[in-house]
Amino acid sequence: MAPRWAPPAGLVVLVALLALLLAAAAVVRGDKPVRGGASSSVAGVETEASSAVFPLYGDVYPHGLYYVAMNIGNPPKPYFLDVDTGSDLTWLQCDAPCRSCNKVPHPLYRPTKNKLVPCVDQLCASLHNGLNRKHKCDSPYEQCDYVIKYADQGSSTGVLVNDSFALRLANGSVVRPSLAFGCGYDQQVSSGEMSPTDGVLGLGTGSVSLLSQFKQHGVTKNVVGHCLSLRGGGFLFFGDDLVPYQRVTWTPMVRSPLRNYYSPGSASLYFGDQSLRVKLTEVVFDSGSSFTYFAAQPYQALVTALKGDLSRTLKEVSDPSLPLCWKGKKPFKSVLDVKKEFKSLVLNFGNGNKAFMEIPPQNYLIVTKYGNACLGILNGSEVGLKDLSILGDITMQDQMVIYDNEKGQIGWIRAPCDRIPNDNTIDGFDERYCWPQFPGIMGLPNEDCPAYYRSNKE
C-alpha cells in the first residue's frame, strides 16, 4: 500500500527499507521479428501488445520487501523500485532539487522542465482523485503537484513527470513508451536507514498506474502478476502470456469508487479443517506489505486457535522481530523445521463459490535470526486498518498471483517462483489446483495432494 519505511518490529503495514541484495536487470531474450497481429505505435515504433518479465529481488525476512530494476530516461538508467500492488503512483526520489531525500542505490533522477506533466492533464486529475484530493488548476501551464501520506505517518511530496521506460518484450521487440510517474523531492520518513530502492512501482487499478499506462500505449494487456519465492527473489510480469488460465483459481474483483485496491471482497477463515466462524470483511492483495494483517476479530480468533493447538514442545517467547513468537527445544534454522507443528489456514472467497486459498505454515510464519518461529499475521486494528485485512508478501510466497483487469478477476496458483520463466512457458505447475486437504470444507475426497512443484521438494 505504500513504501515500507518502518522496521518489521514496529507493527506498521509498511515494513523496513534495509540494505538489500544485488543489482537487478530486466529479463531479456534475443531479438526476434515482431509477430503479426493488432499493433500500436510506441515512441514511433510499431509494436503489438505482448508481455514483459522482470526478475525480483528481496525477501520477507530479514529484508522486508521485493523489488525490481527498471530502466528509465533517455539514455535509460537503472532504478530499483519497491513492487506495490496496493498503490497507483510509480515514483522516484529525485533531484528537482531535493529538499529531503534519503540515500538510495543510484544517483537521484533529474527531471527537465519539458518533462513536467501539466495540471490540466487527465492523469493529474486521476492521480488527485485516487488520493481523495480536490483537483484544481489555476493555470493551464501549472505543474501537477502531489502529496502522498502513508500509514506510518511518512509522506512523499513531488511533481508528476513524463519519461521513457525501456522494456524488451516477450515477442522480441524493444519499446520505450513515455509514461507519467512521480518525481519525489521531499520525503518525510520514520527511518533514517539507507533505502535499498530508489522509489515505488505502483501497480494498482487507477489510470495513473504503470500497468494502466502500458495498456493505454498498447504495450501489454491490463494484466500483471508476481511470483514471490520463499527462498528470496522471484519474478514480475506484465501481460497474460504466462497465465495458465485453466489451472488458476479465480475470484471476481470487488470494485470500490473510493479505493483502487485489488480486493476479492470478504473471506471465511478456517484453521485446519475447522471454521473459526469469523469473516474477513474486506480483503486486499497488497505486495507493498511484507506481512499479512487481519482485522481485530479474525486476528484474535486465529491467535486463540493457534495457542490452543500447539504442542508442548513450543514455548511462547519474546522476540523483537514480531509480537507473537515461539521457541523449540533448540533454535529453528528455517520454517521447514517448524511447519509440522502448525496447521494450514484456508480462506474461502467468492461468497461460497469455493475460491479457496490455502495458507500453509510457511506462508504465515518466519524464523528469526534468534531461531524463533514468529507469526507473520498481525493485528490490523493496531495500525489503523479497521475492518480492512491485507494479504501481504508472506502469504503470497510460492504462488503466482495474477491481477487480471481485463476480466476483472484475481487468481492464484502454486508455482516455481524461484525460476524465471523462459520462452513464455512456466515449467512445473500442477496439472490441477492442489486443494487443501480438508474434505469437511471442500466436500472432496481426502486424497493425497502431490507436491506443488518440483523445486519445493525437501
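This is a predicted model: local features need pLDDT of at least 70, side-chain atom pairs count only at pLDDT 80 or more; totals for chains, interfaces and linings use all residues.
In which strand does Arg 277 lie? Arg 277 lies in strand E16, residues 274-285. Helices (H or I, at least four residues) and strands (E, at least two) are DSSP runs, numbered from the N terminus. Phi of Arg 277 is near 55°, a positive value in a residue other than glycine. Most residues other than glycine have a negative phi, and most peptide bonds are trans. Residues are numbered from 1 along each chain as its sequence is written, and side-chain values use heavy atoms, with hydrogens and water left out.

Now the overall picture. The protein has five helices and 27 strands. Of its 458 residues, 59% are buried. Take the contacts (heavy atoms within 4.5 Å). Among those with a separation of 6 or more, 69% join residues 24 or more positions apart. The protein exposes about 19,200 Å², and carbon and sulfur atoms supply 50% of that area. Accessible areas come from the Shrake-Rupley method with a 1.4 Å probe; for residues, only the protein chains shown count as cover.

Next, the cross-links. The structure holds six disulfides, a disulfide being a pair of cysteine sulfur atoms within 2.5 Å. One of them joins Cys 94 to Cys 183, with the sulfur atoms 1.7 Å apart. The link of Cys 94 and Cys 183 is right-handed, with 70° about the S-S bond. Cys 94 sits in the loop between strand E6 (91-93) and helix H1 (122-130), and Cys 183 in strand E10 (residues 178-188), so the pair ties together parts that are 89 residues apart in sequence. Both Cys 94 and Cys 183 are buried.

Another disulfide connects Cys 119 and Cys 137, S to S 2.0 Å. The torsion about the S-S bond of Cys 119 and Cys 137 is about -90°, so this disulfide is left-handed. Cys 119 lies in the loop between E6 and H1, and Cys 137 in the loop between H1 and strand E7 (145-149), so the pair ties together parts that are 18 residues apart in sequence. Cys 119 counts as buried, at 3% relative accessibility. Cys 137 counts as partly exposed, at 28%.

Cys 227 and Cys 417 also form a disulfide, with sulfur atoms 2.1 Å apart. The torsion about the S-S bond of Cys 227 and Cys 417 is about -65°, so this link is left-handed. Cys 227 lies in strand E12 (residues 223-228) and Cys 417 in the loop between strand E27 (409-414) and helix H5 (439-442), so the pair ties together parts that are 190 residues apart in sequence. Cys 227 counts as buried at 0% relative accessibility. Cys 417 counts as buried at 0% too.

Back to H1. Which residues of H1 are buried? They are Leu 123, Cys 124, Ala 125, Ser 126, Leu 127 and His 128. These buried residues pack against E7, strand E8 (155-168), E10 and helix H2 (210-216). At the start of H1, a side-chain oxygen of Asp 121 reaches to within 2.8 Å of the backbone nitrogen of Leu 123. Just after H1, Asn 132 takes a positive phi of about 55°.

Then a sheet. Strands of a sheet pair through backbone hydrogen bonds, either parallel or antiparallel. Here, an open sheet of four strands runs in the order E18-E19-E23-E22, with antiparallel pairing. Strand E18 (315-317) and strand E22 (365-367) are the edge strands, each pairing on one side only. Two strands pair if DSSP finds at least two bridges between them. E18 and strand E19 (residues 325-327) pair in the antiparallel sense over three bridges. Lys 315 stands opposite Lys 327 in E19.

Last, some backbone details. A cis peptide bond joins Tyr 61 and Pro 62, with omega about 15°. Pro 62 is in the loop between strand E3 (52-59) and strand E4 (65-72). The peptide bond from Asn 74 to Pro 75 is also cis. Its omega is near 5°. Pro 75 is in the loop between E4 and strand E5 (77-84). Lys 386 is not a glycine, yet has a positive phi of about 55°. Lys 386 is in the loop between strand E24 (377-379) and strand E25 (388-391). At 67% relative accessibility, Lys 386 counts as exposed.

Terms used. Buried means under 20% relative accessible area, exposed over 50%, partly exposed in between (1.4 Å probe, protein chains only). A polar contact is a pair of N or O atoms within 3.5 Å; within protein, one must be able to donate a hydrogen and the other to accept it, and residues adjacent in sequence count only if both atoms are side-chain atoms.
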